[in-house]
Amino acid sequence: MWRIFLLVCMAGAMQAQWGNACAAAPQRDHAQWAATDAATGGAAAVTDTVTPFTPSRGNAQSPRVALVIGNGAYGDFADPLPRNAPRDAEALRDTLRALGFDVVTLTNATPQAMRQAIGEFRERLRAGGVGLFYFGGHGMQIGRRTLLMSAGVEARVPASLASQGIELQSVLQAMQPPRAGRLNLVILDTCLNNPFARDATGDPQAPPADTLIAYATAPGGFAADGARHGVYTNALLRALNSGSPQTLGGLFQRVAAQVQVATGGEQRPWIAAALPLSLHLSDAAQRDASALLARADHDDPVVTLHSRGILPKDSSEQYEITFWNSIKDSNYPADYEAYLKAYPNGRFATLAHARIDRLRAAASAAPAAAPPAAPAAAPAQQTARPAAPAIAPSSASTPEHAHTAPAPTPAPPPAAAVAQKPAPTHPPSAGESRDCATCPIMVPVPAGSFAMGNNTDDPSEKPVHHVSIGAPFAIGKYEVTVEQWNACVAANACQKLTPESNTNKAAPARDLSWDDAQQYVKWLSKVTGKSYRLPTEAEWEYADRAGTTTAYWWGDQMRKGSANCKDCGDPWHREGPEPVGSFAPNPLGLYDMNGSVWEWTADCWHNNYQGAPVDGHAWDSPGCEMRVIRGGSWREGAGYMLIATRFKYSAGVRQSQDGFRVVKDLK
């Protein structure tokens, strides 16, 4: 049973003893120790110690929450990291769960997924107790900033290193709010080098109160990988599963000693702590550590010493020029900000500041889009509806195409808009309806049933379940456009759109939250007298499938020109989505269900379909903060366009890839 208490109850007892120690003497703000060469038996330098603590039954009930991230899917890098870092995260997840932690695990996470997980981590920590954050993957240090690299970052695109890295400070801030029994543990199996200045060794982030940060390597140093795991994580897993009670300080000292022996002293882990630690190991623990060290070389031998660091092939001077050349024609202020983060006194710093000022001035001076005509006071008469395309009930068999898609890549900061195209004219076709001049065109969808979900390795899409849509409904032929949204703005019922992201009135309105979409459907219902809303997740997938059972509505393989995504064929522009209706419609006559912008649905996010409604209604929960988005966007690749792909996003947060289409109930 001792393992249940190792990082939790012992930590809780340490908290209680800390309170007693503080009553007797002031606590130092920042205690640090750096492991010495275990082969020589050197003692660690200790700047703050207290009496060793022991498990406490009362603290066994304290909440313990962990966020574990392992990123290995990076461009322009070689093995073994693509395999090891996710494997590290999964192995540590299993170990922490055995120690009583509630663990959330991400592998190959994009910036959006990491930020979202950190935000949720903050909320879960409100219950009190121990919080543990682990990151394995590429990292770097720029000055006092420690950056954790999200998946997809490429060393040959320097701006992405500085702009898409997640700052350690954001993790520490998420863990810092006061809570009962607060204790924060941060473990980083990543390098601390600065790729923009080869010989720089900065001063990493000092921990806030009640926090311990365990670094796999010293400032400016590199972390190594073995055949299956990172050398540091492998040592940590061994120590946690060794069966020997130990203090926190003893635990990490033991890990550091093993890492130094395994790497021949080239990798020297260290700790920064703003809490009192006992770093004295018992004789038995020392003997145990020696046995571990003797086996280290045979268990997971070092394969690559510098594998978790970003190593540009060019010299520092040439890399700065490469960086500047990669962004010099950019219309994104964030690219120049990324350059200044890496080179605050660089040779192009003055020019970068000037570009930022110019782009921001141009954005603020851009004329607001002229508001469209206000909707008619009385709804226009609907055109007659002939029979809609039939949707045959689908069998219980599941789509054969399997996929695992990471969380959607966040859009870059506002940029110059895609070159304006003449706004296409989209009058309703036979069977379609439009309730006012600036209202969305609606396509009727008959009642029916289908198999929802996908039996892939993505657990959020399981289980496949039979859903029956009992009543017909109408859904937007296109996503809500900038022009249509601006009608709501003109009526003072909706917020103004972000001007940099919404200059083309024929393009889908974006940079919209779920809450924003609710404002629009409320206004639309009021002015038309009809019942408008967001589609339920089941209605959305039913309409997208349109009677098909394949991975995409057009088949099991991506077909060029079928969706607005970055590798789905022309037309495509990196700055934003194409005008609505630029690609082929699905069998129901719906455009851009796949690609263009992510579309909000009415449902609250659930991690899988266990217990999901089978009648097509929204699956909601009281106080829900995370909502389901579907369909992918122009910035992602074909793997995100699959019909079954689903993700979540905070309901109150705007993101430049998010838009929506509406549904209308049919009487």
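Modeller: This is a predicted model. I begin with R646, which lies over the face of W605, 4.2 Å from the ring centre.

Biologist: Why is the pair of Y520 and F660 called edge-to-face?

Modeller: Ring centres must lie within 6.5 Å to pair, and planes over 60 degrees apart count as edge-to-face. A search of the whole structure finds 14 aromatic pairs. In the pair of Y520 and F660, the centres are 5.5 Å apart and the planes stand at 70°, so the pair is edge-to-face.

Biologist: How do you know that the pair ties together parts that are apart in sequence?

Modeller: Y520 belongs to helix α14 (residues 514-528), whereas F660 is in the loop between β21 (658-659) and β22 (663-665); the pair therefore ties together parts that are 140 residues apart in sequence. Ring pairs also link Y520 and F660 with W485 and W523 into a cluster.

Biologist: Why are Y520 and F660 called buried?

Modeller: Buried means under 20% relative accessible area. Y520 has 0% and F660 has 1%, so Y520 counts as buried and F660 does too.

Biologist: How do you know that C488 and C494 form a disulfide?

Modeller: The sulfur atoms must be within 2.5 Å. Those of C488 and C494 are 1.9 Å apart, and the two residues form a disulfide. The torsion about their S-S bond is about 75°, so this disulfide is right-handed. C488 is buried at 0% relative accessibility, and C494 is buried at 9%.

Biologist: Which other cysteines are joined, among them C436 and C565?

Modeller: The whole structure holds four disulfides. One of them joins C436 to C439, with an S to S distance of 1.8 Å; its 95° about the S-S bond goes with a right-handed link. Another joins C565 to C568 at 1.5 Å, and that link is right-handed with 70° about the S-S bond.

Biologist: What is the pairing of the bonded cysteines in sequence order?

Modeller: With the bonded cysteines of the protein numbered in sequence order, the pairing is 1-2, 3-4, 5-6, 7-8.

Key: Residues are numbered from 1 along each chain as its sequence is written. This is a predicted model: local features need pLDDT of at least 70, side-chain atom pairs count only at pLDDT 80 or more; totals for chains, interfaces and linings use all residues. Side-chain values use heavy atoms; hydrogens and water are left out. Buried means under 20% relative accessible area, exposed over 50%, partly exposed in between (1.4 Å probe, protein chains only). Rings of Phe, Tyr and Trp (its six-membered ring) pair if their centres lie within 6.5 Å; planes under 30 degrees apart count as stacked, over 60 as edge-to-face and the rest as tilted. Helices (H or I, at least four residues) and strands (E, at least two) are DSSP runs, numbered from the N terminus. A charge sits over a ring if NZ of Lys or CZ of Arg is within 6 Å of the ring centre and within 35 degrees of the ring normal.
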